[in-house]
Amino acid sequence: MAEQRYDVVVVGAGPAGSSAAYWLASAGFDVLVLEKAHFPREKVCGDGLTPRGVAALAAMGIDTTDEGWVRHRGLRVHGGGQVVEVDWPRLARWPADGLIRTRADLDAQLARHAVAAGAQVRFGVTVAEPLLDDAGRVCGVRATDGEEFRAALVISAEGLSGRLAKAVGLNRRTDVPLGVAVRQYLTTPRTHDPYLDISFDLTASGPDAASMPGYGWFFPMGDGTANVGFGLLDTRYAGDDDTRTVYRRWIASLPPSWGIDPDRPGTPLRGAGLPTSLSRRPAYTRGLLLVGDSAGTVNPFNGEGISYAMETGRTGAGVVRAALARPDGPAREAVLRGYPDLLRREFGAHHRLGGLFLKGLARPELVRFATAHGLKRPAAVAIALRLMGNLSDGRDGDAVDRTLDVLHRLTPAR
């Protein structure tokens, strides 16, 4: 079999992998993406893109005006018997709306976009292990059928499993939050609602000692259905019930106005892990660079992962581009070793704050007080939304942005 050699091999064609491939191919690099599934394929997710995700799509030139994209203007937050609607903030740095699209459609479109930029994508290829040179450096990958693909650098966009990362000794840290989410699609007359519903009332009585810390969601898909699910953002604070039990209990407690009949069949209830807090470190070692869920970039505040997958795909591609412009050796390696620090500077403090938030979310009495009193003040909810969604103009913004900037700079990025 002829040797197959590329500048970069990307493993995984989700938002992180396709984004990395797009940016590298656009810069003229010979990029191969290997994806074990055949697209379109289903992926457990809330399907919601915050303004950060909208910005990442716009940067890649993705057209979000065609059929299949559903816009939403903000969140409708339920908690402590209170309900408040809050629009996404109007900021200079970020768009003022969000988007909905199934991951089956989104991921396929992103992969096509990478191909249009010049990347090659091969579906149905399961990567078994990395190829190592005599110095123990990753120099390619081997598929389960024995086929080998060699490259100057390999990018892992494999998600939580991180098979390549584990093979070179990069295991997920267990002292930082790991979330889990379950979701299904249910029919509903509220399919065109402009707000995404978030509920902290997971039982009829609200948060109590038996509650599992997390939130439920109802995201209208615009096609007669809604993506309905529950996210537990830190499994270390899980109660006695499992996530699916909590979800079903919450669904059964929803009022008729939500338009959900819990007895009407929906799609199967599926679950997935949410790796947060840059949980697999370092995000670069010995020729292998991690992006998206492989590096643990899910926002611990809200479980948002798509936006950060695309962002880190772009960041990782930029580092690879700069590295490959240097001669092979210490100069190139110095550039690559700076990648983990880039991620920590960009996301570390926010993830640290998110960990503190999750500790509070695990205290039902605190959640009950915060929702019952905080949701009476829409301005306070709007500020919380900006913090949790990592949406700010920083020091160039208003007083709220400058305060959030100070808060992030004072928080150690572990």
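The legends below describe close-up views of a predicted model. Residues are numbered from 1 along each chain as its sequence is written, and side-chain values use heavy atoms, with hydrogens and water left out. Because the model is predicted, local features need pLDDT of at least 70 and side-chain atom pairs count only at pLDDT 80 or more, whereas totals for chains, interfaces and linings use all residues.

**View 1. Helix H6 packs with helix H8.** Two packed helices are described by the angle between their axes and the distance between the axes. For H6 (residues 306-324) and H8 (residues 339-361), the angle is about 145° and the axes are 10 Å apart; axes are lines fitted to C-alpha atoms, for helices over the stretch in contact, and angles run from 0 to 180 degrees between N-to-C directions. Helices (H or I, at least four residues) and strands (E, at least two) are DSSP runs, numbered from the N terminus. On the H6 side, Tyr308, Glu311, Thr312, Thr315, Gly316 and Val319 meet Tyr339, Leu342, Leu343 and Phe347 of H8, where contact means heavy atoms within 4.5 Å. By class, this contact of H6 with H8 has six nonpolar, three polar and one charged residues, with Ala, Val, Leu, Ile, Met, Phe, Trp, Tyr, Cys and Pro counted as nonpolar, Asp, Glu, Lys and Arg as charged, and the others, Gly among them, as polar.

**View 2. Asp223 lies in the loop between strands S14 and S15.** Asp223 counts as exposed because its relative accessibility is 52%; buried means under 20% relative accessible area, exposed over 50%, and partly exposed in between (1.4 Å probe, protein chains only). Its side chain makes a polar contact of 2.6 Å with the side chain of Thr225 (a pair of N or O atoms within 3.5 Å; within protein, one must be able to donate a hydrogen and the other to accept it, and residues adjacent in sequence count only if both atoms are side-chain atoms).

**View 3. Asp234 lies in the loop between S15 and helix H5 (243-253).** Asp234 is buried, because its relative accessible area is 3%. The side chains of Asp234 and Arg236 are joined by a polar contact of 2.8 Å, and, leaving aside neighbours within four places in sequence, Asp234 is in contact with Pro177, Leu178, Gly179 and Leu358.

**View 4. Leu387 has its place in helix H10 (residues 378-388).** Not counting residues up to four places away in sequence, Leu387 touches Phe301, His350, Leu353, Leu404, Leu407 and His408. Leu387 and Leu170 are 217 residues apart in sequence, and their C-alpha atoms are 30 Å apart in space.
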